[in-house]
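I opened this model to look up its sheets, its helix packing and a few single residues. My notes follow in the order I took them.

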Amino acid sequence: MPLSNFTHVLSRSPPGALLLESTRAFMIYGANTEVGKTVFSTILCRNLTRPGPRNRNVVAYLKPVSTGPDKESDEKYFRTYAPKADYVTTLHQYKKAVSPHLAALESGLPVVTDGQIQSEIAREAYKYDRARTQQRSEGWLFVETAGGVHSPGPSGTTQADLYAPLRLPVILVGDSKLGGISQTISAFESLRIRGYDVVSVLLLENERYQNHIYLEEYFRDQHSIKVTCLPHPPAFDHSDILAYYKQVEGLDLVDNLVLYLNEGHISRLRRLDTMGESALSSIWYPFTQHANLTPDKITVIDSARGDYFQTWKSNQPLTERHGALQPTFDASASWWTQGLGHGNPTLALEAAYAAGRYGHVMFPEAIHEPALALAESMIRTMENPRLERVFFSDNGSTGVEVAIKMALRATRRRYGWGPDEKLSILGLKNSYHGDTIGAMDATEPSPFNTEIEWYEGKGVWLEYPTVICSDGQWKIEIPKSFSDVISSSPAQSPEEREIPISTSSLFDVNSRRESSESELYERYILNCLIKCQKEGIKFGALLLEPVVLGAGGMALVDPLFQQTLVNFVRKHNHLFWQPRPEHMTYLNPPLPENDWLGLPVIFDEVFTGMYRLGRFSAASFLQVDPDISVHAKLLTGGLIPLCVTMASDSIFQAFKGTDKTTALLHGHSYTAHPVGCQVALKSVQTMLKMDKEGADWNWAKENWDHHCWSVWEKSFVEALSKDNSVEGAWALGSVLAVHMKTTTAGYTSNSANRIQAALREGYGDGEWGVHSRVLGNVLYFMTGLTTTEDTVKRMQDILMYALNKE
């Protein structure tokens, strides 16, 4: 496909954080309306445009939104008293002197979107910066908001959220009136919780209330922020006001303020420019071969918002950059954790609430509302009649270790095996359950564990059929080993090992139970387990990643195979335990309806759960209920570590006894930390609401089938699979996996590196890029749950562009 087909991609740069090398840009917020924002804008401008050899500045004043008659506008006032300003612009002036969201509605004009305003501010900033470059001067830009911090913008979004993606350093104008101390501190906290850097607080003098005295001490001691207080301007009389500005503009306080702002800007640039080198000498990175790492390969992230990092352009000399930061799409969803958007203010507020209410409190034999509410919510929402208990831990690997401990104990006690009995895990090849020792031991030898000194694989791992779209056709690929195990006849040809299937039929697993594939799967499983039985292998649990094997290579497993495996294990108890007469009490009376049979079944949904694949629980694709289920990553929407391991009552009962040593002696200091539980509770509620209302995902579901859907267009996946360099591709929920052609498939392959590098280079003359991760020959993309249709289409275009780029 010719590159000319993708030229439109380069011009569709998303709005990003504004940081210009030689233009000092600031956002001026007010703690309230009528606190002096425009007064301070005027003072700063007049100081910077005073005659003198050191004042070679291009100064710009930008008002994104203003309400009221033109003759009373802030722009008119600013032009009157700061006539030497180089650029004075109001983007949206509404005639009625009411809140912008009302003024916009009553104007009769189309309501301008948040993205439009952000893009317009960026466009104006770059225009001023180009003018500064031409004049070889230093630049200053003051973006003045309207009203208070939470005054709504035209769309109704409060300004604190509307302007947050730009992440301009904030000059906060405090309130000097009665009640102004509270207003100022509240405004600051609202900005702080949204990731703004408040670099200075300014106030007008008020001798009666003297708010500046209290606030100067408060901000100095609590937050190390400089507070500057200046005389209050006179009212009404033009000549008096003009005299006031002439007096104030040259005060040492103002000179020092300008110097302070300038030094802060320079320090920020220097810090960002050296972070990669500093990190290389002090940080030990995970999953990174440091012998191949150089400072330029380290992504310096200044901030993140929505789907994008704001990354430092380390590949360009500082003096040649247009903007020092570029929006970079987070294509790995930050190692699969991101769901509700970076910098989500709702989740940040929930975290702050729990931190303020609890901090952290110990959990054994105690309870707090966030933990209890989350546990109740998870049990209710999973709709699995087996799951009745919730155990908290801090990450997926630990959560899986807990699950393994639960399952092994339950199996050993039921089957009467001693504590020294060697028990194995039954799982799938290329599985991955985490990096702690126990989780690694539950997987076969692989590049992830073979160099680990204590690793000892304790299991049997089966082959499995995978699903891929290749050359535009969806198909199930049956491993060669299936025919080798179930038949003495020669192995099938490659064509015979491929079964065409539609995505709709693929996930209609109950209708496929009588299919030839189902019979084939049962025969393969039976033969494998009989072989294990003859070898004397004793199993303690069946451990699966439902539907998709993530870190093991982004393999989409035929859901019918996993359903068949679970049902087979539960129906063939005799393959795992040969009861002696004294054990017959386990069989009579029969076990309760939801008790485990054969082996406890563990589902590791750390990656696949919480709508990552389009459903709250990936178990629903298989139409079977596990006895133990592990959930993390998206559990907190991408904000904070937390994991829950859910278990059935029969598993729970295995740890009851008179001796404390028989209890589940596992936990960590921050078990069920209230901040994580509160954030997870809100995240779960938000995701469920999105699913119920449908509006956020309906556009995606329309492109797919009844039983599955993805944000990635089905037609795009099929077109992608036809590319000459692509072996196959698949998409489900927010995940897109692209398997590149290679002679050495697996984690050590480098075949996807070329595409990864092309994505990282950036688009639109380097104005934005894509940060991605690869798993050997597999390049994967992952969106958040709030990613828009437009953004997904942009990413689809970019991927095709990268594949076609020489």
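**Entry 1: two crossing helices**

I started with α3 and α9, which are therefore roughly perpendicular to each other (65 to 115 degrees counts as roughly perpendicular, under 35 as roughly parallel, over 145 as roughly antiparallel, the rest as oblique). The angle between α3 (residues 74-81) and α9 (residues 238-248) is about 65°, and their axes lie 11 Å apart. Axes here are lines fitted to C-alpha atoms, for helices over the stretch in contact, and angles run from 0 to 180 degrees between N-to-C directions. Helices (H or I, at least four residues) and strands (E, at least two) are DSSP runs, numbered from the N terminus.

I listed the contact (heavy atoms within 4.5 Å). From α3 come Y77, T80 and Y81; from α9 come H238, I241, L242 and Y245. Sorted by class, the contact has five nonpolar, two polar and no charged residues. Ala, Val, Leu, Ile, Met, Phe, Trp, Tyr, Cys and Pro count as nonpolar, Asp, Glu, Lys and Arg as charged, and the others, Gly among them, as polar.

A note on the source: this is a predicted model, in which local features need pLDDT of at least 70 and side-chain atom pairs count only at pLDDT 80 or more, while totals for chains, interfaces and linings use all residues. Residues are numbered from 1 along each chain as its sequence is written, and side-chain values use heavy atoms, with hydrogens and water left out.

**Entry 2: R46**

I then checked R46, which sits in helix α2 (residues 37-48). Is R46 buried or exposed? R46 is buried, at a relative accessible area of 11% (buried means under 20%, exposed over 50%, partly exposed in between, with a 1.4 Å probe and protein chains only). Leaving out residues up to four places away in sequence, R46 touches Y81, A82, P83, L242, Y245, K246 and E249.

**Entry 3: the parallel sheet**

Next I traced an open sheet of seven strands, ordered β3-β2-β4-β1-β5-β6-β7, with parallel pairing. Two strands pair if DSSP finds at least two bridges between them. β3 (87-94) and β7 (226-230) are the edge strands, each pairing on one side only. From one strand to the next, the twist averages 20°.

I looked at β2 (residues 57-67) from both sides. Six bridges join β2 to β4 (residues 138-144), and the two run parallel. V58 stands opposite G139 of β4. Towards β3, the parallel pairing of β2 has seven bridges. There L62 has T89 as its bridge partner. Six of the eight residues of β3 are buried, so β3 is largely enclosed by the rest of the structure.

**Entry 4: helix α5**

I checked the length of α5 (residues 114-135). Its 22 residues should span 32 Å at 1.5 Å a residue, and the end C-alpha atoms are 32 Å apart, which agrees. The expected span is 1.5 Å times one less than the number of residues.

What do the buried residues of α5 pack against? They pack against β1 (23-30), β2, β3, β4 and α6 (159-162). Among the buried residues are I117, I121, A125 and Y128, and also E120, E124, D129 and R132. R136 follows α5 and has a positive phi, near 55°.

**Entry 5: the mixed sheet**

I found another open sheet of seven strands, in the order β11-β22-β21-β20-β17-β12-β13, with mixed pairing. Its edge strands are β11 (387-393) and β13 (459-462). The twist averages 20° from one strand to the next.

β11 pairs with β22 (residues 643-648) in the antiparallel sense, over six bridges. L387 stands opposite S648 in β22. Helix α13 (residues 369-382) packs on this sheet, touching β11, β21 (628-631) and β22, and its direction makes about 135° with that of β11. Helix α18 (residues 516-534) lies across β12 (424-428), β13 and β17 (539-544), at about 160° to β13.

**Entry 6: positive phi**

Most residues other than glycine have a negative phi. I noted S334, with phi near 50°. S334 belongs to helix α11 (residues 333-336) and is partly exposed, at 23% relative accessibility. M554 also has a positive phi, of about 50°. M554 is in the loop between β18 (548-549) and β19 (555-556) and is buried, at 0%.
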